Amino acid sequence: PMTPLNLTIDGMSCGHCVMHVQKALRALDGVEVQDVKIGSAALHFDPAKRTVDDILEAVRDTGYTPHPAANV
């Protein structure tokens, strides 16, 4: 089963940032991107294929600072 994950992301300021983060997350196997906005992302991931750290690292590699948000 897929696990939901919400991120707050520091350093994003425009639609260009959103595209970068979306592209990085979509490139990860086992991750389904629900929504990326300036400052946040909502996704589901398969814990058998990906860890939260993998996902955070992918966002960090785009130059932004992600933090897991409390799941709503």
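User: Where does α1 lie, and at what angle to β2 does it run?

Analyst: α1 lies across β1, β2 and β3, and runs at about 170 degrees to β2. Contact here is heavy atoms within 4.5 Å. Axes are lines fitted to C-alpha atoms, for helices over the stretch in contact, with angles from 0 to 180 degrees between N-to-C directions. Helices (H or I, at least four residues) and strands (E, at least two) are DSSP runs, numbered from the N terminus. This is a predicted model: local features need pLDDT of at least 70, side-chain atom pairs count only at pLDDT 80 or more, and totals for chains, interfaces and linings use all residues. Residues are numbered from 1 along each chain as its sequence is written, and side-chain values use heavy atoms, with hydrogens and water left out.

User: And α2?

Analyst: α2 lies across β1, β2, β3 and β4, at about 30 degrees to β1.

User: What's the strand order in the sheet?

Analyst: The open sheet has the order β2-β3-β1-β4, with antiparallel pairing. Strands pair if DSSP finds at least two bridges between them. The edge strands, β2 and β4 (65-68), each pair on one side only.

User: How many bridges join β2 to β3?

Analyst: Six. Glu32 has His44 in β3 as its bridge partner.
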